[in-house]
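Thank you for making the time this morning.

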Amino acid sequence: MTSYDLIIRNGNIVSADSVQLGDIAIKDGKIQEVAYGRKIDGDALKEINAEGLHVFPGLIDSHVHFNEPGRAEWEGLETGSKSLAAGGATTFFDMPLNSTPPTINAENLALKKALADQKAVVNPRFWGGLVPENIKDLKGLHDNGVIGFKAFMSPSGIADFNHSDDETIFKGMKEIASFGSILAVHAESTVICEQLAEEKISQGKTSARDYVESRPIISEIEAVRRIISYSEATGCKLHVVHASSRKVVKIIEEAKQRGVNVTVETCPHYLALTVKDLEEKGGLAKCAPPLRDEDEVEELWAALANGEIDVIGSDHSPAPASMKTITDNFFEGWGGISGAQSTLNILLTEGYYKRNLPLEKIVKLTAENPAKRFGLSTKGKIATGYDADLAIVDLNESFTLHNEDLYYRHKHSPYVGMTFKGKVKNTLVNGEVVFENGKIIVDKVQ
Ligand SMILES: [Zn+2]
């Protein structure tokens with residue numbers, strides 16, 4: 001008889017290739033045993049009866065902006081990470097902006113890490129930034145454990161995080177390749193977006209549709225083609241974030257076919273919302289690249305089902321309500337969606353229930369693939385020796401999302417009012433129950 005810290009009994013354990021009934025035993029933050037179709041012998045300090053529930057590997061959200069230090073009035077590591085735990089996510093990769101100072105050297109990274117150690121209730125990881133002035137600092141960031149680097153090919157909207165011109169990108173990629181790391185890019189064409197926006201604004205055309213038309217899919221395609229060429233020329237691993245259209249994904253798919261080391265992310269908002277939502281919800285649904293039309297959304301789901309997309313990241317990019325209010329000019333107001341708490345809800349409701357997306361695929365996109373791509377060797381799977389990062393979900397429970405359910409600093413989201421099927425009951429981080437009965441029950445990650 002072995003003693004464990006925790007045994008989860010009789011859950012439907014979801015992995016990237018199966019859903020099977022079983023028990024999971026946890027000790028010292030690690031999964032000690034996974035028993036399919038039989039009971040684990042032994043006792044534990046705590047048992048969770050997961051009968052009728054599904055146990056997922058905790059989501060790894062590879063794309064969030066928690067904005068701390070320096071802009072915690074927009075979100076913060078505590079509120080941001082709590083929202084993730086409430087949504088079944090157990091690890092986040094925080095972007096180098098919109099914190100101030102941005103994570104563009106080892107010193108700034110240390111500041112953010114120290115704050116995350118105090119405040120985060122799920123596992124923190126960090127992206128470093130690539131900006132024109134910091135090529136010399138990339139190695140130091142890498143040596144201090146960043147997941148990879150993020151660059152903007154078009155203006156970021158944040159004054160202290162400059163976007164990278166082509167020369168910077170090329171130099172940066174050579175440098176990043178030299179130590180085997182990866183570059184993630186916001187890929188939109190500066191030339192196309194800026195000139196189209198100028199035209200629209202000068203003609204007084206500032207509706208939601210005008211904003212969307214000023215950032216067309218071709219602008220993403222142009223930037224993605226260019227960055228793939230740079231990846232081929234430098235040998236630098238590449239990750240394209242927030243692709244809004246399957247047309248963009250196709251370009252990446254073709255590059256993969258010829259051996260380019262490139263992966264692609266999309267976000268829940270491109271799967272759950274359309275231009276119509278931007279027109280109706282205003283600033284809450286403003287992001288860049290912008291939301292697309294319904295046919296594009298369906299194509300994106302098809303790409304997901306077909307394995308063309310590697311990772312789902314929330315691109316949670318919150319701001320105070322005052323910055324999200326748009327009256328008539330959609331070129332004004334913060335572009336960024338608050339959504340980190342709802343990723344799994346959207347994939348289950350809009351994917352699994354509405355479009356038959358298998359649960360196994362959801363695990364691949366939200367846990368196994370990001371863990372593999374970004375070198376988290378003990379995460380992303382429910383298996384012996386892995387970290388006990390888990391989400392226990394009642395697939396049959398439905399709920400309507402209300403503002404007060406949100407853990408964000410600013411309790412708004414374009415998903416408020418949506419009815420979801422599939423509710424997170426418990427979230428475990430390193431074996432510790434962090435979220436239970438609709439409440440966060442710990443102060444920081446153990
Ligand atoms: Zn982002």
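Which residues lie nearest the centre of the second largest pocket? Before I answer, please keep in mind that what you see is a predicted model. The residues in question are Ala86, Lys423, Val424, Phe435 and Gly438, and they belong to a lining of 19 residues. The space inside this second largest pocket comes to about 380 Å³. If we ask where its lining comes from, strand S15 (390–400), strand S16 (419–429) and strand S17 (432–436) each supply at least two residues, with S16 giving the largest share, namely 4 residues. By class, the lining of this pocket holds 6 nonpolar, 7 polar and 6 charged residues. The second largest pocket lies between domain 1 (2–55 + 385–398 + 420–440) and domain 2 (58–373), because both domains give residues to its lining.

Let me move to the largest pocket, which has a volume of about 570 Å³. It is lined by 31 residues, and those that lie nearest its centre are Pro155, Ser156, Gly157, Arg215 and Ala288. Strand S10 (149–152), helix H5 (190–202) and helix H6 (208–214) each supply at least two residues of this lining, and H5 gives the most, with 4 residues.

How many cavities of 30 Å³ or more does a search of the whole structure find? The search finds 2. The largest cavity has a volume of about 60 Å³, and its lining consists of Leu59, Ile60, Asp61, Leu84, Gly87, Ala89, Ile312, Ala340, Thr343 and Thr366. Strand S6 gives the most to that lining, with 3 residues, and by class the lining has 6 nonpolar, 3 polar and 1 charged. The second largest cavity, at about 50 Å³, is lined by residues including Pro57, Gly58, Ile60, Thr90 and Thr91, together with Lys379, Lys381, Asp387 and Asp389. Its lining has 2 nonpolar, 5 polar and 4 charged residues.

Finally, a word on helix packing. At what angle do the axes of helix H8 (residues 246–257) and helix H11 (residues 294–305) cross? They cross at roughly 35 degrees, and the two axes come within 9 Å. On the H8 side the contact is made by Arg246, Lys247 and Val249, which meet Glu296, Glu299, Leu300, Ala302 and Ala303 in H11. By class, this contact of H8 with H11 has 4 nonpolar, no polar and 4 charged residues.

Conventions: Residues are numbered from 1 along each chain as its sequence is written. This is a predicted model: local features need pLDDT of at least 70, side-chain atom pairs count only at pLDDT 80 or more; totals for chains, interfaces and linings use all residues. Side-chain values use heavy atoms; hydrogens and water are left out. On a 1 Å grid over the protein atoms alone, a cavity is a set of points where a 1.4 Å probe fits but cannot get out, and a pocket is an open set with protein on both sides within 12 Å along at least five of seven lines; lining residues have an atom within 4 Å of a point. Grid points are joined across faces, edges and corners, and a volume is the space filled by probe spheres set on the points. Ala, Val, Leu, Ile, Met, Phe, Trp, Tyr, Cys and Pro count as nonpolar, Asp, Glu, Lys and Arg as charged, and the others, Gly among them, as polar. Domain bounds come from an automatic or database domain assignment. Axes are lines fitted to C-alpha atoms, for helices over the stretch in contact, and angles run from 0 to 180 degrees between N-to-C directions. Contact means heavy atoms within 4.5 Å.
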